[in-house]
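Dear colleague,

Please read them with the structure open beside you.

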Amino acid sequence: MIRLDGVGKRYPDGTVAVDSLTLDVQRGELVALVGPSGCGKSTTLRMVNRLVEPTSGRIVLDGEDVTEVDPVRLRRGIGYVIQRVGLFPHLTVGANVATVPDLLGRDRDRTRERVAEMLDLVGLDHDQYADRYPHELSGGQQQRVGVARALAADPPVLLMDEPFGAVDPIARDRLQSEFRRIQAGLHKTVLFVTHDIDEAVRLADRVAVLSEGGRLEQYADPPTVLGAPANDFVADFVGADRGLRRLAVTPIEQDDLVQPPTVGPDDTIAEARQVVQRAPEPYAVVVGADGRLLGWVSERTLRGDGVVAQRVHRFDETASLGDSLRRALAEIVQHDAGWLPVVDDADRYLGVLTPEAVHAALRRTAPSTP
C-alpha cells in the first residue's frame, strides 16, 4: 500500500534528515515510526503527503508515485492527524469534520450523515458536540475531533504525527484505547509517529525503529522488537524493562491456563471438601451446568453441611482470551490473588492464569534469536 524506496531528505546546508529509507506498509496495517528526537520520523511522514519534498528515492502509494501526483489532490485523499490537532477555531466541530468532504464536493446531506457517523465513532455524540467550537472542548475531545476529521472523507491512508502527545496521561490512555477500537473496525493503512515505545507497541502491527538520519535499525512486530532487539541501539531505545513491556503485547492463550479442580453449585459441602483436599492448592472453581463461571470455594469455607451454592465466593475480576498478560498480572497483583479466572465471550469458564503461567507464557512467546 505504501512503499518508501530509498527515500531521502537532504537540506541545502548538507543536513541529512533522512538517508535512503526503504520501508513497506501493507494494506490495513498500522506501522509505528519510533526513535529519538531528530531521527527523521516526522520528516518521513510529511514526505508521504509531500508537505516535505523528498530529495531522493520514490514513495509509492497504492501503486502511484506520489511525486507525480498533484500535491493538493494527494493530500485530500490522505487523512492527517497532528499533535496539536490544528482545528479551525472559527468553525464548529461539525464544520471542522466536514472540511475535506466539502472540498471534494461531496453531497451535503451525505456529508452531514458522515459527520454524525464520525463523531459517534470517536465517542462524541453528534447532537451534543457538532455545534460547539474547538475552544469549548477539552484537549482530549479536540484530539478526537481531529481523528474524526481525518476519517471523514474515508481515506485509504492515515498519517498520524504524535497525535496523542499533547494530552494528559489519562486522556491519552483513553484515546489510545478508542483508536485501537476504531482501527480494529476500519482497518485503515496507518503510518504513526511517536516517541513513546509503549504507545508504539500497544497500537502497532509493526514497529520501525529509526536512528539519527532516518536509518532503519529494526522493522518487526512488537514482540520481536521487545524480545529480540536487532542491535544495541534498539535494545537501549526500548529500555532495560522491555521484558515487562512484552506483557502488554502478549495475549492470553488457552495453552497458558492452569486447570484447578472444579465443583458444581449443587454438589454437597462434603463432596466439595473431598475434591479440594485432593487438590494441589486448597481451592476449587465453581462452574454451573452451562459452563458459566460462578465463583470459588476453599477448604476453609467448606465447613458443615449444605451445598456449594451456599458457600461460593464471587471473583473480584476475570480476564478473557486475547486480553494482555499485563492486564491479567495487574489484576492478580491488585487483588493480591494467586490466580485469575479466564472466561470466553459467553462468560464460560476456561481455566485460571497464575503468576507462574504468566512467566511461562513470556518464555514460550519469546522470539528466537539467531
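Phe192 is buried, because its relative accessible area is 1%, where buried means under 20% relative accessible area, exposed over 50% and partly exposed in between (1.4 Å probe, protein chains only). This is a predicted model, in which local features need pLDDT of at least 70 and side-chain atom pairs count only at pLDDT 80 or more, while totals for chains, interfaces and linings use all residues. Residues are numbered from 1 along each chain as its sequence is written, and side-chain values use heavy atoms, with hydrogens and water left out.

Rings of Phe, Tyr and Trp (its six-membered ring) pair if their centres lie within 6.5 Å, and planes under 30 degrees apart count as stacked, over 60 as edge-to-face and the rest as tilted. By this rule there are 6 aromatic pairs. One of them is the tilted pair of Phe179 and Phe192, with 6.5 Å from centre to centre and 40° between the planes. Phe179 belongs to helix α8 (residues 169–186) and Phe192 to strand β8 (residues 189–193), 13 residues apart; helices (H or I, at least four residues) and strands (E, at least two) are DSSP runs, numbered from the N terminus. Phe179 is also buried, at a relative accessible area of 3%.

The ring planes of Trp296 and Trp339 stand at 90° with centres 6.5 Å apart, so this pair is edge-to-face. Trp296 is partly exposed, with a relative accessible area of 22%, whereas Trp339 counts as buried at 16%. Ring pairs also link Tyr283, Trp296, Phe315 and Trp339 into a cluster.

Best wishes
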